Amino acid sequence: MTKEISDKHKLRQVWNSFKYCMTLSWLASKTYTCLQLSSRIITALIPVATAWNTKKILDLFGNEDQVSGPSGVFFMYMFFLLCLYLLRLLSVQIETYASAMQQDLLMRYIECEMARTAVEMELEYFDNPAYYDAFEAVKRDIYSILGAVYDGISIISYGISVCSCVFFLTGIAPLYTVVILILYVPEAVSEYSFTKKVYLWGLDHVREERQMQYFYRTATERAYAQEVRLYNIGKYLINKYQSLWRDYFFQKRSVAKKRLAWNLLLSILPEFLSTAALAHVGMSVLAGENTIGDFTLYSGMLAQMAGGLQIVVSAFMALYEKKLKIDHFSDFRKFVCKKLRSGNRILSKPVDIEFQDVSFCYPGTEKYVLKNVSFRLPAGKKLCIVGENGAGKSTILKLLLHFYEPDKGEILINGLPMQEYNVESLRSQFSCFFQNASNFAFTLRENIRISQIGKPDEDAKARQERAMRMAGADKLVQIFPQGEDTCLTRAYSDKGVELSGGQNQKVALARMFYRDASVLVLDEPTAALDPRGEYELFQTLQKECRDQSLLFVSHRLSNVFLADKIMVMENGRICASGKHDELLKTCDLYRQLFHYQADKYVMREEDEDSGH
């Protein structure tokens, strides 16, 4: 009883998944959904109508009572047959056209929904591995919805066709028809059972599939190309892939063989009974109880019914296999992202920042990344945060930009809690360079001006030239083939350019400088710059950003000369703050970090003096 209820529940879930997919299809395009469904139903019903028309023609041939004038009726049936042929051609073409258009519109609708959900998600969901993995799985599985719509329409159209066949067949041999339908049930149950086994088997072997995909991506993607060739590990990766695949394939083949044997065995009996039914109708024709047309109609309808049933069962099984992926997408769209608290105040210049006893741990973790952090950055001042990896430096920037909210303490902006400001207004007063800065596959001009997108800028050209000069990116216009119209990467244009690490960083810095902001935030801004580029950047910050606040994180202590104040972090806490000379005397960690870098140059000079 429990299993019966469970199976009924699963059938209801499959039906709900189908309804959900059809709802999406309807939302994407009502016109093409109707066209696709109606053309598929017509295509499925035409063989039934053709078989009935053929019966009438054959009955006309065998009717000896019609001594004269049967040609008019005959040509009427032939004209009807021609109309059926033409209607079939038309419905197939309409179905092909509507299906192609509907797929494009449905995919556009789904991808827009995914993109809309993604851009509205707070950053914490991208930083959460479990949630981000689920998000990636949903992006991969959305293509199953297209197949689910196709399968659902097949169930409807061929279900109508099967019902039509049963209607005609019961008029000729009702008992045989009912028994044949009953005998198809074990085959359908077997197909359902094995589909479920294959589906569950696949769930149990997701790990192997993921591992195989990893080895495949590693061997084929650009990100690993240099290491694969340098260390000559291509054959090693392929062997790993093939080893996993062999075990995976042989286990899957075992299940498939059992499925084949049972389905073949269970499909034999309906075929025997179908032949017996045809023989029975044939005998009734010889006895004069039925016509030759009845025999032709029965054989045609029987084949159509069997084929339709197989398509319905196969489509249902395919829909069942896609149910989990459809549920993933459905659940993801229903998911309501946590919204950061946002007020209605509009933030304007100047901006004064203060952290008051702030503590924070990332969602899903228990370790505090920041512990009781308090500091103030007055408007127009420069603050440098230094410390070893994992000290919490970048986390301070994320909290300041309201990507997260503190677990304890408060962040004040111009003396008011951050949450009282409108989030977009708050962030508009910050212009940032992130440690792993990403540029876009747009033109150089767009990459820079995108930081002010949606805002009127009458002096855009002059501001762009200034920003590029400040970032040291002005020389790129001269060396790029199409100047500022050159696309970065070749994703959009074959004439696009691939940037070096330093060039990439300069473009991102120019984008930061272009934005009209009160506070500049830089996270390791010189990581990919050469010594000259690093020197020129900080000279620029010193000379041209005097009126702006500056908060920067750096491992290179040679850059701290720019700061009004240096803050040293260790294990999520502020262990010291002050000027460079003060910290050398009072802070052991700062002194160690400074000597680690300074001693390199002293050792190099000593080696040069000794002739080594």
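Q: Which strands does helix α17 lie across?
A: In this predicted model, helix α17, residues 501-514, lies across β6 and β7. The helix runs at about 175° to β6, and β7 covers residues 519-523.

Q: What is the strand order of the sheet that holds β6?
A: The order is β6-β7-β8-β3-β9-β10, an open sheet of 6 strands with mixed pairing.

Q: Which strands stand at the edges there, and why is one side of each left without a neighbour?
A: The edges are β6, residues 430-433, and β10. Each has a single partner strand, so one side of each has no neighbour in the sheet. On average, and ignoring direction, neighbouring strands of this sheet are turned by 15° against each other.

Q: How do β9 and β10 pair, parallel or antiparallel?
A: Strand β9 (residues 565-570) and strand β10 (residues 573-578) pair in the antiparallel sense, over 5 bridges.

Q: How many residues lie between β9 and β10 in the hairpin?
A: There are 2 residues between them. In the turn, N571 has a positive phi of about 55°.

Q: And β3 with β9, parallel or antiparallel?
A: Strand β3, residues 382-387, pairs with β9 in the parallel sense over 5 bridges. Within this region, I385 stands opposite M567 in β9.

Q: Through what do strands of a sheet pair?
A: They pair through backbone hydrogen bonds, in either a parallel or an antiparallel manner.

Q: Over how many bridges do β1 and β2 pair?
A: β1 and β2 pair over 5 bridges in the antiparallel sense. The bridge partner of E354 in β2 is R376.

Q: What is the phi of N372?
A: The phi of N372 is near 50°, a positive value in a residue other than glycine. N372 is located in strand β2, residues 370-377.

Q: Where is the cis peptide bond between K349 and P350, and what is its omega?
A: The cis bond joining K349 and P350 has an omega of about -10°. P350 lies in the loop between α11 (292-334) and β1 (353-360).

Q: On to helices. What span should the 53 residues of α10 have?
A: At 1.5 Å a residue, helix α10 (residues 234-286) should span 78 Å. Its end C-alpha atoms are 72 Å apart, which agrees. G288 follows α10 and has a positive phi, near 85°.

Q: At what angle do α2 and α6 pack?
A: Helix α2 (residues 30-61) and helix α6 (residues 143-169) pack at about 25°, with their axes 9 Å apart. The two helices are therefore roughly parallel. The crossing of α2 past α6 is right-handed.

Q: Which residues meet there?
A: Among those in α2 are L37, I41, L45 and W52, and the α6 side includes Y150, I153, Y158 and F168. By class, this contact of α2 with α6 has 13 nonpolar, 5 polar and 1 charged residues.

Q: How does α2 pack against α3?
A: α2 and helix α3 (residues 71-120) pack at about 160°, with their axes 8 Å apart. This makes α2 roughly antiparallel to α3. Here α2 passes α3 in a left-handed crossing. The residues of this contact divide into 23 nonpolar, 9 polar and 4 charged.

Q: Last one: how do the axes of α15 and α18 cross?
A: The axes of helix α15 (residues 460-471) and helix α18 (residues 531-544) come within 8 Å and cross at roughly 130°. These helices are therefore oblique to each other. R466, R469 and M470 of α15 make the contact with L537, T540 and E544 of α18. By class, the contact has 2 nonpolar, 1 polar and 3 charged residues.

Conventions:
Residues numbered from 1 in each chain as written. Predicted model: local features only at pLDDT ≥ 70, side-chain atom pairs only at ≥ 80, totals over all residues. Heavy atoms only, no water. Axes fitted to C-alpha atoms, helices over the stretch in contact; angles between N-to-C directions. Helix = DSSP H or I, 4+ residues; strand = E, 2+ residues; numbered from the N terminus. Parallel < 35°, antiparallel > 145°, perpendicular 65-115°, else oblique. Left-handed = near helix turned anticlockwise from the far one by under 90°. Contact = heavy atoms within 4.5 Å. Nonpolar A, V, L, I, M, F, W, Y, C, P; charged D, E, K, R; others polar. Pairing = 2+ DSSP bridges. Expected span 1.5 Å × (residues − 1).
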